[in-house]
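Let us walk through this fold together, from the sheet to the core and then on to a few single residues. Keep the viewer open and turn the model as you read.

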Amino acid sequence: MTEHSNEETLAAEQAVDPIQPNTPSYEEVLFYERKPAGFWVRFWAYVIDLLVVFAVTSILIKPVFALLGLETSSTSWYAPYAILSAIIFYGYFVLMTKFFRQTVGKMIMGIRVVSLKTDDLSWGTLLFREWIGRFISTTILPLYWIVGFTPLKQGIHDFIADTTVIHEESYRKRTMLQKRKAEGSELHETEAF
């Protein structure tokens, strides 16, 4: 009787297929993705952009105010010089990011803005990122430091607009588990639509 039960057990073990057709198997896939730009490279790009905006404001607005005899040193936010400077500041960031996906500072540092949802940056996304988000980030300075601590190196303005800043020529290697494709004909699909 022990021989009979051993034969049945051996036959049962051989009948079980080690890879069951309905069980999905996974494979590790290697891919490369653009490396997010960190805090310091974005900081220096922003400093360069501030210098560009200051230069444009000094070249275009200050001479006009000097010719008209208007004051440019007023500290109130509603002063004409402050309003025109703010228009140039926000207009620079919105227009450069829309048409080039990067400002002059980002061009020099080799980084650019990308959307996490679409291939193109819409006007709505840009206005939220560069106007409202940048206003929040520059008003409450510690919020900009969040860039150094998030996985995709996003600031508050990036979270608002679902964007991030990446290096143009730098990649990082990642692995991901992916369902293995069925071998042979896929005419006999076991799953419904």
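Two strands are said to pair if DSSP finds at least two bridges between them. Helices (H or I, at least four residues) and strands (E, at least two) are themselves DSSP runs, numbered from the N terminus. With that in hand, look at strand β2 (residues 111-115) and strand β3 (residues 163-179): five bridges join them, and the two run antiparallel.

Before going further, a word on what you are looking at. This is a predicted model, in which local features need pLDDT of at least 70 and side-chain atom pairs count only at pLDDT 80 or more, while totals for chains, interfaces and linings use all residues. Residues are numbered from 1 along each chain as its sequence is written, and side-chain values use heavy atoms, with hydrogens and water left out.

How far can the coordinates be trusted? The score to look at is pLDDT, the predictor's confidence in each residue, from 0 to 100. The chain averages a pLDDT of 82, and 81% of the residues score at least 70. Confidence is highest in helix α5 (residues 104-109), at a mean of 96, and lowest in helix α1 (residues 2-15), at 53. Where pLDDT is low, the predicted coordinates should not be read in detail.

Now for the overall plan. A contact here means heavy atoms within 4.5 Å. Of the contacts in the chain with a separation of 6 or more, 73% are between residues 24 or more positions apart.

Return to the sheet. Its three strands form an open sheet in the order β1-β3-β2, with antiparallel pairing. β1 (26-36) and β2 stand at the edges with a single partner strand each, so one side of each is left without a neighbour in the sheet. From one strand to the next, the twist averages 30 degrees; such angles run from 0 to 180 degrees between N-to-C directions, with axes fitted as lines to C-alpha atoms, for helices over the stretch in contact. On the β1 side, β1 and β3 pair in the antiparallel sense over ten bridges, and E27 has Q178 as its bridge partner in β3.

Strand β2 is mostly covered, with four of its five residues buried. In strand β3 you will find L177, which is exposed, with a relative accessible area of 62%. L177 is in contact with E27 and E28, leaving aside its neighbours within four places in sequence. The C-alpha atoms of L177 and E27 are separated by 5.6 Å, although the two residues are 150 residues apart along the chain.

Next, the interior. In soluble globular proteins, nonpolar side chains tend to be buried together. A nonpolar core is a set of buried Ala, Val, Leu, Ile, Met, Phe, Trp, Tyr and Cys residues joined through side-chain atoms within 4.5 Å. The largest one has eleven residues, including Y46, V53, I61, F65 and F93. α2 (39-60) and α4 (80-100) are the elements that give two or more residues to this core, and α4 gives the most, with seven residues. Another core, of eight residues, lies apart from it, with V113, L121, L126 and V165 among them. As for F93, its contacts are Y46, D49, T103, E130 and R134, not counting residues up to four places away in sequence.

K62 lies in helix α3 (residues 62-68) and counts as partly exposed, at 34% relative accessibility. K62 touches T57, T72 and Y81, not counting residues up to four places away in sequence. R101, in the loop between α4 and α5, has a positive phi of about 65 degrees although it is not a glycine. D162, in the loop between α7 (156-161) and β3, has a positive phi of about 55 degrees and is not a glycine either. D162 is partly exposed, with a relative accessible area of 29%.

Note on methods
Buried < 20%, exposed > 50% of the residue type's maximum accessible area, 1.4 Å probe, protein only.
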